[in-house]
Amino acid sequence: AAWLIESQPTTSDETVVAGGTVVLKCQVEDPDDSSLQWSNPAQQTLYFGEKRALRDNRIQLQKSTPNELTISISDVVLSDEGEYTCSIFTMPVRTAKALVTVLGIPQKPQIFGHEQPIDEEKIARLTCRSSGSKPAAQLRWRKGNKELKGRCTEVVEDPNGKTFTVSSRVEFRVTKEDNDAEVTCTVDHESLQNTERSTTQKLQVHYKPTAKIEPHPLYPREGEKLRLQCDGQGNPVPQEFLWEKEGSDTPLQLSSDSVLFFPFLNKSDSGTYVCTATSSMGSVVAKYNLDVSDASPVPSTSGPYHAVIGGVVAVIVFLLLSLLIVLGHYLIRHKGTYLTHEAKGSDDAPDADTAIINAEGGQASGDDKKEYFI
């Protein structure tokens, strides 16, 4: 019994990816002067020793010795799957089986349901599908870097009866932030040998518009030109712009042009202007309060110069006032001296004329004159 076990041919089961090459090795310790033989699942002989038995150029001899027969099958197809038999024709015939499993490579997955734009706050329903896997492949989803939970996974046998088509569906509510978001479906399968096969699609989400009014120039002046730009954003972008002025019943402008133009600004143009931007997703209102300034206003940058000039004027005024005070004191002082002299002369004068002469120090000269005439 031990001898029978030792003399039994040995083989191993093999797994090969469709399109690849499989090697079948058969070994025996006691050939007993007989040759080894490989036959396919249909019991057709492939090789008997070194001799080719089946005309199939995909099948090649790798090694033939009394103890070993190794062959290879290239460009493997799904129909090559099955049990291959290694035999040695002794008495009795001894055989060994080798199960060849052919893996069906899943096709690149396809994503459906993204072809039309999805309105914001609506539910996106996307389906991913991949055919040709054997055994059935696994599918997984992600949006950006975030995993999405797949649901309703289906496995359907392909028409060839050997491979499978797998499909998976995801559902989620979209927001405006999902516009241009990348959704990826990845197929995982043992035939891909630790690599992944995936497909990515961008979402298109329609969302309501937004708008704001930008003035050019930023500070409108009387007599200048002015452009009011109604900057509309959204998907789709607004295509219609209605301009109105608050307090006026008549619309100013309704067109696809987002610009309201003033060739020559007047004070009367001041007021609140309203732009209504409209897209297929709705309308939005933006307002701008126009305050037309004087034609040649003092530039705001002259503020520091004003302060300097004001300071200089204040110093000059202070100096003038100081000068006036000093001058006043001087005048008052001299007037007081004059009165004192007059009073001094009147002390012993018999009349006013004599008092004036005395005050001017003319007493001595009067005496001189008297002496002169005497």
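**Exercise 1.** Determine the handedness of the link between C26 and C86 from the torsion about its S-S bond.

*Solution.* Step 1: the torsion about the S-S bond of C26 and C86 is -75 degrees, and the link is left-handed. Strands here are DSSP runs of E with at least two residues, numbered from the N terminus. Step 4: C26 has 0% relative accessibility and counts as buried; C86 is likewise buried, at 0%. The classes are buried (under 20% relative accessible area), exposed (over 50%) and partly exposed (in between), with a 1.4 Å probe and protein chains only.

The structure is a predicted model, in which local features need pLDDT of at least 70 and side-chain atom pairs count only at pLDDT 80 or more, while totals for chains, interfaces and linings use all residues. Residues are numbered from 1 along each chain as its sequence is written, and side-chain values use heavy atoms, with hydrogens and water left out.

**Exercise 2.** State how many disulfides the structure holds, and characterise the link of C128 to C185 and that of C230 to C275.

*Solution.* Step 1: the structure holds three disulfides. Step 2: in the link of C128 to C185 the S to S distance is 1.9 Å. Its S-S torsion is about -85 degrees, so this disulfide is left-handed. C128 lies in strand β12 and C185 in strand β17 (residues 182–188), and the pair therefore ties together parts 57 residues apart in sequence. C128 is buried at 0% relative accessible area, and C185 is buried at 0%. Step 3: C230 and C275 are joined with an S to S distance of 2.1 Å. The torsion about their S-S bond is about -90 degrees, so the link is left-handed. It connects strand β20 (residues 226–235), which holds C230, with strand β24 (residues 271–279), which holds C275, across 45 residues. C230 is buried at 1%, and C275 is buried at 0%. Step 4: with the bonded cysteines numbered in sequence order, the pairing reads 1-2, 3-4, 5-6.

**Exercise 3.** Identify the salt bridges that E171 forms with R125, R151 and R169, and describe how these residues are linked.

*Solution.* Step 1: apply the criterion, a side-chain nitrogen of Lys or Arg within 4 Å of a carboxyl oxygen of Asp or Glu; the count comes to 13 salt bridges. Step 2: the closest N and O atoms of R125 and E171 are 3.3 Å apart. R125 lies in strand β12 (residues 123–133) and E171 in strand β16 (residues 164–173), so this pair ties together parts 46 residues apart in sequence. Step 3: for E171 and R151 the closest N and O atoms are 3.9 Å apart. Because R151 lies in strand β15 (residues 151–157) and E171 in strand β16, the parts tied together are 20 residues apart in sequence. Step 4: R169 and E171 have their closest N and O atoms 3.3 Å apart. Step 5: R125, R151, R169 and E171 are linked in a network of salt bridges. Step 6: assign the accessibility classes. R125 is partly exposed at 47%, R151 at 43%, R169 at 31% and E171 at 29%.

Notes: Helices (H or I, at least four residues) and strands (E, at least two) are DSSP runs, numbered from the N terminus. A disulfide is a pair of cysteine sulfur atoms within 2.5 Å.
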